[in-house]
Amino acid sequence: MSSPDIVVVGGGAAGMMAAIAAARLGASVTLMERNQKVGRKLYITGKGRCNVTNHCAPEEVRAAVPRNGKFLYSVLEHTPPSWVEEFFQDLGVDLKVERGGRVFPTSDRSIDIIDVLFRELKRLNVTVAVQSRVSSVSVQNGAVSGVEIGTAGDKWGWGECCKAVILATGGLSYPATGSTGDGLWMAEELGHTLVDIRPSLVPLESPDSFCAEMQGLALKNVVLTVKDQRKKVIFQEQGELLFTHFGLSGPLILSASAHMRNLEKEQYSCSIDLKPALDELTLDARLVRELTAGANKDMDNLLGTLAPRLLVPVLLERTGIPGTKKAHDLTKQERRRLLELFKNFSISVSGPRPIDEAIVTSGGVKVSEVDPKSMQSKKISGLFFAGELLDVDAYTGGFNLQIAWATGRAAGEGAAAYALAGRASPG
């Protein structure tokens, strides 16, 4: 059996797109995936629905990338969201656009995206080698010559010769899906610089005991505001969040964490507007009406009409109002404290959850060491990068998968051009 032109390491979104792009240009491709199936992480994206991209212009994608967005200029012009949508529609997947431009398969099934990618790999005669872990990239005279490979159980001893290698192994987030950082360490061994690897789109830990007391409580249609230690608002959005035994999670929190770029070093303050539809005057009038109508009720019962039951004891404790106090005995000062807490429910944040609980890894291979058009290493000829192991990550909304498709396609086409040119050259 002849050696392939290209070995793609990693069968996630970027790796599958890279393999497809290279094979469409006529290169022979082997895709190495350490799991039993390709697309493991795609199964869980978008809560199992797979937010494939965002229905927007390339510049809007770059605006959703907090660092190194300029590096993506060429690949996003070449592979904009509109191309991604057309790519999947041509493969037979019906798509729909939801709030915020998020694009999903109409079926709401991630498996539909994975299935069409796998079928396209097979149609293009890409060899998909599952349960195969690449341990290192072989280099001779400054150029890729092959990879060292192990099978399930990490038994080494055989390899694969090739002209180009595409590393698309993901970061360190969700290790159960196969993202264990192998590609990062291989890149480092080959002389590449790894920059600031840390979690992004990650739940947050809080030292406030009331979070654990409200474990399982989901608040919907609230506004979360995050300020840095200079009191500058860095994130403000309406949506849903969840109290947990360790602190906070849910869509709002994951989105906010991507804006909190120095969680390990800087103090951030979070506050929730529990009643964003009501300004202070309107909310105060509502409180007065409830207090008047339920004048003989205990406050812990009355507040049940204004807040979820798990939240009531916390509201009372933080305002210093006894739960057995009658509504008609509430002072103006107590009512004011209650009003302020409804509009500004502050929560302390001590840091992010571990990186293996993050949706995305921030940081990675230094982008100045990578050609922005072809994704080829500037240090090793025939070595290409795609996806999350690059030092580029984005906010939620389909932007991270858009980056995976765009860098994957660029790497695949770049590797094919390199390998096929080498095939045609004598010696």
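Let me start with a sheet. Seven strands form an open sheet, ordered S17-S16-S13-S14-S15-S12-S18, and the pairing is antiparallel. At the edges are strand S17, residues 345-348, and strand S18, residues 351-352, each of which pairs on one side only. Helix H8, residues 251-259, packs on this sheet. The helix touches strand S12 (204-205), strand S13 (218-227), strand S14 (233-243) and strand S15 (247-249). The direction of H8 makes about 150° with that of S14.

Before I go on: this is a predicted model.

Strand S16, residues 269-273, pairs with S17 in the antiparallel sense, over four bridges. Within that pair, Cys 270 stands opposite Ile 347 in S17. As a reminder, strands of a sheet pair through backbone hydrogen bonds, either parallel or antiparallel.

For the parallel case, look at strand S10, residues 164-167. Strand S1, residues 6-9, runs parallel to S10 and is joined to S10 by four bridges. Val 8 stands opposite Ile 166 in S10. S10 also pairs with S20, again in the parallel sense, over three bridges. There, Leu 167 stands opposite Phe 385 in S20. Which way do the side chains of S10 point? Ala 164 and Ile 166 point one way, Val 165 and Leu 167 the other way, and all are buried.

Gln 376 is in the loop between strand S19, residues 360-365, and strand S20, residues 383-385. Is Gln 376 buried or exposed? Its relative accessibility is 18%, so Gln 376 counts as buried; the cut-off is under 20%. A polar atom of the Gln 376 side chain lies 2.8 Å from the backbone nitrogen of Gly 382. Leaving aside neighbours within four places in sequence, Gln 376 is in contact with Glu 369, Val 370, Asp 371, Ser 381, Gly 382, Leu 383, Phe 384 and Tyr 418. Of these partners, Leu 383 and Phe 384 fall in the range of S20.

Now salt bridges. The count comes to 24.

Glu 120, at 5% relative accessibility, counts as buried.

Another pair is Arg 230 with Asp 228, whose side chains meet in a salt bridge at 3.2 Å, N to O. Arg 230 counts as exposed, because its relative accessibility is 57% and the cut-off is over 50%. Asp 228 is buried, with a relative accessible area of 6%.

Then there is Arg 336 with Glu 280, a salt bridge at 3.0 Å, N to O. This pair also links distant parts of the chain, with Arg 336 in helix H12, residues 332-343, and Glu 280 in helix H9, residues 280-293, 56 residues apart. Both ends count as partly exposed: Arg 336 at 37% relative accessibility, and Glu 280 at 36%.

As for the network, Arg 49, Lys 96, Glu 98 and Asp 108 are linked in a network of salt bridges.

Last topic: cysteines. A disulfide is a covalent bond between the sulfur atoms of two cysteines. How many disulfides does a search of the whole structure find? The search finds zero. Cys 56 counts as buried, at 15% relative accessibility. Cys 211 is in no disulfide either; the nearest cysteine sulfur, that of Cys 270, is 9.7 Å away. That Cys 270 is the residue I placed opposite Ile 347 in S17. Cys 211 counts as buried, at 1% relative accessibility.

Terms used: Residues are numbered from 1 along each chain as its sequence is written. This is a predicted model: local features need pLDDT of at least 70, side-chain atom pairs count only at pLDDT 80 or more; totals for chains, interfaces and linings use all residues. Side-chain values use heavy atoms; hydrogens and water are left out. Helices (H or I, at least four residues) and strands (E, at least two) are DSSP runs, numbered from the N terminus. Buried means under 20% relative accessible area, exposed over 50%, partly exposed in between (1.4 Å probe, protein chains only). A polar contact is a pair of N or O atoms within 3.5 Å; within protein, one must be able to donate a hydrogen and the other to accept it, and residues adjacent in sequence count only if both atoms are side-chain atoms. Contact means heavy atoms within 4.5 Å. Two strands pair if DSSP finds at least two bridges between them. Axes are lines fitted to C-alpha atoms, for helices over the stretch in contact, and angles run from 0 to 180 degrees between N-to-C directions. A salt bridge is a side-chain nitrogen of Lys or Arg within 4 Å of a carboxyl oxygen of Asp or Glu. A disulfide is a pair of cysteine sulfur atoms within 2.5 Å.
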